[in-house]
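Please read them with the structure open.

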Amino acid sequence: MITTSARLLHLLSLLQTRPQWTGPQLVAELGVSARTVRGDMDKLRELGYPVSSTPGAAGGYRLGPGAKLPPLLLDEDEAAAVVLGLGGAAPGSVSGFETASARARTKIEQVLPSRVRHRIDSLQASTVIPNHAGAEADPQVLAAIAGTVRDRHRLRFDYRNHDGDAQYRTTEPHRLVYLGHRWYLVAWDLDRSDWRTFRVDRISPRIPTGPRFDPREPPRGDLITFVAAGRRIARFRYRAKVLVRRSATELVDWLPDGIAVEPVDDESCIVHAGGDTAYILAAHLTFLDADFELDGPPEVLAALREIGRRCAAATSE
């Protein structure tokens with residue numbers, strides 16, 4: 001009986017390591033007959049584990065999702081990695097997950113061999129994990145947004161902007177990004193015809209979701225850089241998107257703080273700039289040693305014209 005129970009646990013562990021096993025593979029791994037393998041599969045099904053089988057040369061056995069959670073059989077490295085990961089997740093940014101992470105970690109640590117616990121204790125004693133001071137995201141909101149990303153459904157939501165004003169937005173959600181202890185949604189804003197980032201803790205989704213959409217070409221570069229650029233200018237009252245007739249590599253190293261660069265081609269780039277006042281933003285743009293095009297906002301255009309007038313007056317003879 002002990003041998004059979006141990007073999008069933010080993011078999012369950014094997015089924016968790018890859019999508020599918022053939023009968024001969026399991027016979028070789030377990031050192032038993034094909035008949036014994038079939039019998040053990042029947043025992044697992046009786047215990048409530050959804051094991052499916054497919055006949056033929058290309059067939060085999062597969063462990064599918066079910067109502068019963070199978071025991072996770074981890075080796076020492078896997079167990080240590082899980083415990084350390086849960087330790088870092090405890091002060092995380094998803095509301096309600098801290099307690100669940102701590103409970104799961106306690107359960108795993110209770111059954112770890114002493115040598116594994118010693119490895120974990122040594123790592124924790126020599127490692128500093130920062131507390132996550134960012135606003136927490138509601139797991140139900142995260143799940144709702146993730147569902148629209150997966151199913152490619154338009155997402156409609158109420159949004160509190162930087163000043164606390166409520167706005168209604170209609171978007172085509174692209175990805176969720178975790179950066180700087182906060183969750184962000186990268187989405188195509190249909191009303192503004194542009195890619196935007198939204199803090200998830202400020203989103204209140206509306207139900208039902210919108211119709212399906214065909215995915216667009218995502219923002220240039222990696223999404224982490226895109227979100228980081230949006231974060232840098234989001235705190236400013238005035239923001240502008242400027243087409244600059246110079247490559248990004250020539251500008252990025254010497255631009256003032258608050259200005260982010262997005263490459264377009266070898267001869268031009270998009271500069272995302274921000275300032276606490278329209279005049280400060282306009283002054284930042286004059287630092288650009290290149291021709292540029294700016295459509296707005298109107299206050300910044302007016303400030304640029306005033307700067308140009310003063311410069312012309314100062315140099316007139």
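1. Start with the aromatic cluster. Phe157, Tyr159 and Phe198 make up one such cluster. Rings of Phe, Tyr and Trp (its six-membered ring) pair if their centres lie within 6.5 Å; planes under 30 degrees apart are stacked, over 60 edge-to-face, and the rest tilted. The whole structure holds 5 aromatic pairs. One of them joins Phe157 and Phe198, edge-to-face, with 5.2 Å centre to centre and 80° between the planes. Phe157 belongs to strand β3 and Phe198 to strand β6, so this pair ties together parts that are 41 residues apart in sequence.

2. A word on the basis. This is a predicted model: local features need pLDDT of at least 70, side-chain atom pairs count only at pLDDT 80 or more, and totals for chains, interfaces and linings use all residues. Residues are numbered from 1 along each chain as its sequence is written, and side-chain values use heavy atoms, with hydrogens and water left out. Helices (H or I, at least four residues) and strands (E, at least two) are DSSP runs, numbered from the N terminus.

3. Phe157 has 0% relative accessibility and counts as buried. Phe198, at 1%, is buried too. A further pair is that of Trp188 and Trp195: the ring centres are 5.6 Å apart and the planes at 80°, so it is edge-to-face. Both of these Trp residues are buried.

4. What surrounds Phe198? Contact means heavy atoms within 4.5 Å. Beyond four places in sequence, Phe198 is in contact with Phe157, Tyr159, Arg169, Thr171, Trp183, Tyr184, Leu185, Ala187, Asp189 and Ile203. Leu176 is 22 residues away from Phe198 in sequence and 9.6 Å away in space, C-alpha to C-alpha.

5. Now strand β5. Two strands pair if DSSP finds at least two bridges between them. β5 pairs with β4 in the antiparallel sense over 8 bridges; Leu179 is opposite Arg182 of β5. With β6 (residues 194–199), β5 also runs antiparallel, joined by 6 bridges. Here Ala187 faces Arg196 of β6. The β5–β6 hairpin has 4 residues between its strands, and Ser193 takes a positive phi near 50° there.

6. His174 deserves a look. This residue is part of strand β4. Its relative accessibility is 17%, so His174 counts as buried. Setting aside residues up to four places away, His174 touches Val149, Leu185, Val186, Ala187, Trp195, Pro218 and Leu223.

7. Helix α7 has 13 residues (139–151). Why does its length agree with expectation? At 1.5 Å a residue, counting one less than the number of residues, the helix should span 18 Å, and its end C-alpha atoms are 18 Å apart. At its start, a side-chain oxygen of Asp138 comes to within 2.8 Å of the backbone nitrogen of Gln140. Arg152 follows α7 and has a positive phi, near 60°. The buried residues of α7 are Val141, Leu142, Ile145, Gly147, Thr148 and Val149. Their cover includes β3 (155–160), β4 (166–179), β5 (182–189) and β7 (203–205).

8. On to the cores. A nonpolar core is a set of buried Ala, Val, Leu, Ile, Met, Phe, Trp, Tyr and Cys residues joined through side-chain atoms within 4.5 Å. The largest has 22 residues; Val242, Val244, Cys269, Val271, Leu285, Leu294 and Val300 have the most contacts inside it. At least two residues each come from β8 (238–244), α9 (248–251), β10 (268–275), α10 (278–286) and α11 (298–315). α11 gives the largest share of this core, 5 residues. Another core, of 16 residues, lies apart from it, with Leu8, Leu11, Leu26 and Met41 among its members.

9. Last, the overall figures. The protein has 11 helices and 11 strands. Of its 317 residues, 36% count as buried. Among contacts between residues at least 6 apart in sequence, 57% join residues at least 24 apart.

Key
Buried means under 20% relative accessible area, exposed over 50%, partly exposed in between (1.4 Å probe, protein chains only). A polar contact is a pair of N or O atoms within 3.5 Å; within protein, one must be able to donate a hydrogen and the other to accept it, and residues adjacent in sequence count only if both atoms are side-chain atoms.
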